[in-house]
Amino acid sequence: MPTVHLLDYVAGNIRSLVNAINQVGYEVEWIKTPEDVKNADKLILPGVGHFGHCLSQLEKGGFLGPIRQHIEAGKPFMGICVGLQALFQGSEEDDKVPGLGLIPMRIQKFNDESKSVPHIGWNSAMNTELASKERSFYGLMPTSKYYYVHSYAAPYNPGVLEKDGWSVATATYGEEEFIGAVSRENIFGTQFHPEKSGVAGLRAIRAFLNGEQFQSLSRDQIADKRDGLTRRVIACLDVRTNDAGDLVVTKGDQYDVREKSGMDAGGQVRNLGKPVDMAKKYYEQGADEVTFLNITSFRNCPLADTPMLEILRRASETIFVPLTIGGGIRDTVDTDGTHVSALDVATMYFKSGADKVSIGSDAVFAAEDYYRAGKKLSGLTAIETISNAYGKQAVVVSVDPKRVYVDRPEDTDHRTLKTAYPNAAGQSFCWYQCTVKGGRETRDMDVRQLVQAVEAMGAGEILLNCIDKDGSNSGFDLELINDVKAAIKIPVIASSGAGVPDHFAEVFSKTTTDAALGAGMFHRGEYTVSQVKDHLQVKGFLVRQFEAEI
């Protein structure tokens, strides 16, 4: 197989990019020293996290000079995410660190007053060249969607780059149009992650590696509408060992995952299928992301042999959308007595194919410490250490609140809301109490306190569950979602309660949630992800449609 050289200079999910490159018929050779760059024909520079950190690492390692020489020699070069931003003069993210300067513009932060930041999800890459409406570059299709995850971007100024010979594709987020991809001669850069953009992203990688810079578009591939970000539909798989020791996908009713026999609980663990097979099925149905939640501790298993690592390795070979892993992301002690930090645990998952890690109970404990310290950050929490190393977009906090009803707001120190759904006692005020340990233990903290604390620590996204709604198939808790969305600026994933496709339409129309997650309705075969998306489309929502062939 032909080869491409890959420079892994910062932490990130490189496995997915390697798998994507293999999928289109190429092998990867690693760049380990500056001298290796000279031997490269095709060079790919991926990047995650902080602009200043990434560029500083390149400079410190002696790579910037050889990269410039590679580009100046006319050899094919592709930059992904921060790898694209490296082509620019600099970034607001770190004014002291310069970029390569090939594009005389600066990267800017998105305005977070009117929308969630980071910008996470599937968006366009639309060719801007008026004279080339019928031509795209490197396989980008105006009708396709691509996966973005970033807080900083290059604003698009019509004609500025085009006059210097650049081809430009843009996306729109809220009121801001930004650069999604650029190309000139031997250079190709994408703000989106092609390795996580399904078939559309594989098409772009293949076109770059094959040297197919420009392609003609058929009439049905030309799109004039600049339609922006889609609504994300996420499939979630709770994974644990059953009584026979096999890893299975299960689903609980208010977190009880055992089958019930008559009036008695305590039956066998509910087995809904094999994790990797089910995840691939949801990918092929059009799931925008797949989340694995590990609800088994694997206490007697060495960390390096944790079964979830193998699940991620196998899943990332054929699933080219973002994978999130939750459960066990905390400081721990290995079976041989070695202390392992939460950052080290997360690194194992990222290297196995995860794009994000989800932190649950430990986030609540960290928030309690944060408030006890007078809202001062320690710098030592799992959220802080992982987000500092990998970027906040890599850290999801999974929140498990439950309603506590009161007669009056004055009856509690916590934030209450007047609910449209009083309890059996007629109480119409409630607050949302945070829980830990799979909902088995409550804490003296409300959901707003928690999400504001973890946002301050560097979390990039909230996975908002609701114990009262879990397994109910009655729809999402809209009051909870709106309350949390009003409290923070980072994206929120609505979870718990989805039973029919219209529940997704309801949550997208009645809240400003950024994504919605389904589990049991998919696992039981009652509805497919594609049926949910078809329903959303009929209701007028913009969704990404699955593409079957490169």
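A disulfide is taken here as a pair of cysteine sulfur atoms within 2.5 Å. In general terms, a disulfide is a covalent bond between the sulfur atoms of two cysteines. The structure is a predicted model, in which local features need pLDDT of at least 70 and side-chain atom pairs count only at pLDDT 80 or more, whereas totals for chains, interfaces and linings use all residues. Residues are numbered from 1 along each chain as its sequence is written, and side-chain values use heavy atoms, with hydrogens and water left out.

Under the sulfur criterion, 0 disulfides are found in the structure. Cys-54 takes part in no disulfide, and the nearest cysteine sulfur, that of Cys-81, is 8.5 Å away. For Cys-430, the closest cysteine sulfur belongs to Cys-466 at 9.4 Å, which is too far for a bond. Burial was assigned from relative accessible area (buried under 20%, exposed over 50%, partly exposed in between; 1.4 Å probe, protein chains only). Cys-54 is buried, with a relative accessible area of 0%, and Cys-430 also counts as buried, at 1%.

Aromatic contacts were identified from the rings of Phe, Tyr and Trp (its six-membered ring), which pair if their centres lie within 6.5 Å; planes under 30 degrees apart count as stacked, over 60 as edge-to-face and the rest as tilted. Tyr-283 belongs to helix α7 (residues 275-285) and Phe-546 to the segment after α16 (529-538), so the pair ties together parts that are 263 residues apart in sequence. Helices (H or I, at least four residues) and strands (E, at least two) are DSSP runs, numbered from the N terminus. Tyr-283 is buried at 5% relative accessibility, while Phe-546 is partly exposed at 29%.

For Phe-476 and Phe-504, the ring centres are 5.6 Å apart and the planes stand at 85°, so this pair is edge-to-face. Phe-476 lies in the loop between β28 (461-464) and α13 (478-485) and Phe-504 in helix α14 (residues 501-510); the pair therefore ties together parts that are 28 residues apart in sequence. Both residues, Phe-476 and Phe-504, are buried. Elsewhere, ring pairs connect Phe-110, Tyr-146, Tyr-148, Tyr-173, Phe-178 and Phe-192 into a cluster.

Charges over rings were also examined (NZ of Lys or CZ of Arg within 6 Å of the ring centre and within 35 degrees of the ring normal). Arg-544 lies over the face of Trp-122 at 3.9 Å from the ring centre, and Lys-418 over that of Phe-429 at 5.0 Å.
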